Amino acid sequence: MRKHSDISSMKSTTDVLQQHFAGFGFSLVKICLMAGLFVFGGIDVSAQEMIPGEAPPFIPEYTETQNVQYSSPYVEIWERQFLPEGFIYGTYWASAAEPRLSTQIVNVSGDQTFVESTMGGRLGLFRFGPHDTPEGFQFDLVGGAKLRQNWGDLDVIATDYRYDLLGTYGDGPHRYKFGFYHVSSHLGDEFLLNNVGFDRLNYFRDAFVFGYSYYAFPELRLYAETSWSFHNELSEPWEFQFGFDYGPTCPTGPQGKPFVAFNTHLREEVNFGGNVALQFGWAWKGDSPTAGTLRTGLYYYNGESPQFSFYDEHEQQIGAGLWYDY
């Protein structure tokens, strides 16, 4: 009789448990099975599996453009990165002063044709920020040489050398750069041989620089920059740049996309007359985070010469070019 009473008691207890858990949508057998597997290492039981009626966790989806240009509003991991992929603050596309890889054929003031090329590069050394967005702090080295050659015999007329030590910072659509640069001008040997007695100008400039860029939307960047020189000859302390770049910021594939770029560069040594420059054409962006932007199109420049050996000579240039910017 006692055994029968115990069995009846166990049945009633089981019935109560089953009735209690019935509201949660699973049986006592399933609970026991999952608990056993969990204890003996058969499977990992998560809260999501224990409550099958609950919706899966929300995972936001962003467009490719948003991933490239803007940070996610969700948590991102900031960490130290040596030789990071990509850059936070890019070069100004239409600026004649920026180091890049480029070549262009220009007609100057209606009677001379030159080949103007820039051989430059950029290296990101260190970043503290996320991997997949251009945010955080980054330190870059930039350098290049900008040379002018005759169209016919390709004799070198002049070369300007420049290097930059830059700190950059990105926060969503806001980008900042700050640092130091040096630029100096040199006439070509062939030019001096063909122009005996030409008064060589020792133009050089050591300056601190601060720039700000704002992405009104991912394809349009507005920017302004100022620099102050503490050591110079012929150059005077203050200069300013401002303009805009419109073009692709995400991978384009082989079809590419159109671009337009405009720059104004004002220099104190020419009474802030400076120059304006306009470029437009077609652009391509690669798949890699380290890929720059390749552009080709037409070019217009009006103002004081971009070659600082002739810094106070007015030039109007019309031509075509191929540019690769970092």
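**Entry 1: a pocket**

I started with the second largest pocket, where β3 (112-129), β4 (136-150) and β13 (314-325) each supply at least two residues of the lining. I noted that this is a predicted model. The pocket's volume came out at about 190 Å³. Reading through its lining, I found Val108, Ser109, Gln112 and Phe114, among others.

**Entry 2: confidence**

Since the model is predicted, I looked up its pLDDT next. The mean for the protein is 83, and 77% of the residues reach 70 or more.

**Entry 3: the cores**

Which residues have the most contacts inside the largest nonpolar core? I found Ile157, Tyr299 and Phe310, in a core of 17 residues.

Setting aside neighbours within four places in sequence, Tyr299 touches Gln104, Val106, Ala277, Leu278 and Gln279, among others. Gln317, Ile318, Gly319 and Trp323 are also on its contact list.

There is a second, separate core too, with ten residues. Leu166, Ala207, Val270 and Phe308 are among them.

**Entry 4: one threonine**

Is Thr168 buried or exposed? Thr168 counts as buried because its relative accessibility is 1%, and the cut-off for buried is under 20%. This residue lies in strand β5. Leaving out neighbours within four places in sequence, the contacts of Thr168 include Ile88, Tyr89, Arg122 and Gly136. Phe137, Gln138, Asp140, Tyr176, Lys177 and Phe178 are in contact with Thr168 as well.

**Entry 5: strands side by side**

My last stop was β10. How many bridges pair β9 with β10? I found eight, and the pairing of β9 (residues 238-246) with β10 is antiparallel. As one example, Tyr246 has Val260 in β10 as its bridge partner. β10 also pairs with β11, again in the antiparallel sense, over nine bridges. Here I picked out Pro258, whose bridge partner in β11 is Trp282.

Conventions. Residues are numbered from 1 along each chain as its sequence is written. This is a predicted model: local features need pLDDT of at least 70, side-chain atom pairs count only at pLDDT 80 or more; totals for chains, interfaces and linings use all residues. Side-chain values use heavy atoms; hydrogens and water are left out. pLDDT is the predictor's confidence in each residue, from 0 to 100. A nonpolar core is a set of buried Ala, Val, Leu, Ile, Met, Phe, Trp, Tyr and Cys residues joined through side-chain atoms within 4.5 Å. Buried means under 20% relative accessible area, exposed over 50%, partly exposed in between (1.4 Å probe, protein chains only). Contact means heavy atoms within 4.5 Å. Helices (H or I, at least four residues) and strands (E, at least two) are DSSP runs, numbered from the N terminus. Two strands pair if DSSP finds at least two bridges between them. On a 1 Å grid over the protein atoms alone, a cavity is a set of points where a 1.4 Å probe fits but cannot get out, and a pocket is an open set with protein on both sides within 12 Å along at least five of seven lines; lining residues have an atom within 4 Å of a point. Grid points are joined across faces, edges and corners, and a volume is the space filled by probe spheres set on the points.
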